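Reader: Walk me through this model, please. I want brief answers that end on the value or name I ask for.

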Amino acid sequence: GIMRIASLICMPAFIGLALLADPLVPWLFGAHWQSSVAPLQLMAGFGIFQAWTSVIAQLLVAHGAAGQAMRLNLFVSLSLLAFAGIGASFGLLPAVAGIGLAYVVALPLAVRALHGRLHLRAGRMLRGQAPVFAATALMAATVLMAGRLPGIAGHPMLVVGTSLIAGAAVYVVAIAAMAPD
């Protein structure tokens with residue numbers, strides 16, 4: 001379903017971005033942007049929770065539960081204000097962690113609302129995501145190893161390019177092998 005499609009696209013993109021942020025940001029924007037790497041990695045790491053919560057809100061709207069979607073989005077907004085606000089008093093990274101935490105906290109409520117409306121079970125949804133989780137883990141391992149190959153380590157453009165190509169190839173092959181439909 002739509003949740004699997006969202007995961008199929010978003011999970012490897014967010015994990016890949018988190019893993020490649022260190023060579024990618026200075027290469028694209030210059031060394032003076034190095035301090036933005038950690039916040040970007042943290043945001044990317046939490047990105048799948050935001051994607052899932054947003055897709056569920058749209059599914060609720062599509063199935064005639066606009067009120068539930070509005071309450072979910074209101075909860076997310078208030079959680080963002082609270083968690084990011086508290087985190088901001090400790091610095092940028094805690095503020096970013098607060099943003100991610102807001103979506104982590106909202107996701108079970110979103111899944112519960114989806115179950116109540118469409119009778120979708122969380123366990124079944126998670127099992128349906130297993131091939132994406134496994135393929136993303138293989139992609140992540142490939143990206144980490146590709147960046148350490150002799151001759152490219154220390155060359156950001158080569159690290160990013162090699163890691164992207166190798167990670168994408170492994171991800172596509174793994175998805176095709178584990179989830180051929």
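Author: The bend at a residue is the angle between axes fitted to the seven residues ending there and the seven starting there. Helices are DSSP runs of H or I with at least four residues, strands are runs of E with at least two, and both are numbered from the N terminus. This is a predicted model, in which local features need pLDDT of at least 70, side-chain atom pairs count only at pLDDT 80 or more, and totals for chains, interfaces and linings use all residues. Residues are numbered from 1 along each chain as its sequence is written, and side-chain values use heavy atoms, with hydrogens and water left out.

Reader: How many helices and strands does the chain have?

Author: The elements run α-α-α-α-α-α from the N terminus on. The C-alpha atoms fill a box of roughly 55 × 45 × 20 Å along the principal axes. The count is 6 helices and 0 strands.

Reader: Where in α1 does the kink lie?

Author: The expected span of a helix is 1.5 Å times one less than its number of residues. For the 28 residues of α1, a straight helix would reach 40 Å, but the end C-alpha atoms are only 35 Å apart. The kink is about 70° and comes shortly before the proline Pro 23; it lies at Ala 21.

Reader: What span should α4 have, and how far apart are its end C-alpha atoms?

Author: Helix α4 covers residues 92-118. It bends by about 30° at Ala 106, and Pro 108 follows within four residues.

Reader: What share of the chain's residues count as buried?

Author: Buried means under 20% relative accessible area, exposed over 50%, and partly exposed in between (1.4 Å probe, protein chains only). In α4 the buried residues include Tyr 103, Ala 106 and Leu 107. Of the 181 residues of the chain, the buried share is 37%.

Reader: Which residues make the nonpolar surface patch?

Author: Patches take residues with over 30% relative accessible area and no salt bridge; like charges are joined within 9 Å, nonpolar side chains (Val, Leu, Ile, Met, Phe, Trp, Tyr) within 5 Å. A salt bridge is a side-chain nitrogen of Lys or Arg within 4 Å of a carboxyl oxygen of Asp or Glu. Helix α1 gives the largest share, 3 residues. The patch covers about 570 Å² and is made by Trp 27, Leu 28, Phe 29, Trp 33 and Met 157.

Reader: Are Trp 27 and Trp 33 buried or partly exposed?

Author: Trp 27 lies in helix α1 and has 38% relative accessibility. Trp 33 has 43%. Both therefore count as partly exposed.

Reader: Why is the pair of Phe 29 and Trp 33 called tilted?

Author: Rings of Phe, Tyr and Trp (its six-membered ring) pair if their centres lie within 6.5 Å; planes under 30 degrees apart count as stacked, over 60 as edge-to-face and the rest as tilted. The whole structure holds 4 aromatic pairs. In this one the ring centres are 6.1 Å apart and the planes stand at 55°, so the pair is tilted.

Reader: Which residues form the aromatic cluster?

Author: Phe 46 and Phe 49 are 3 residues apart in helix α2, so about one helical turn separates them. Their ring centres are 6.5 Å apart with planes at 55°, so this pair is tilted. The cluster is formed by Phe 46, Phe 49, Trp 52 and Phe 133.

Notes: Accessible areas come from the Shrake-Rupley method with a 1.4 Å probe; for residues, only the protein chains shown count as cover.
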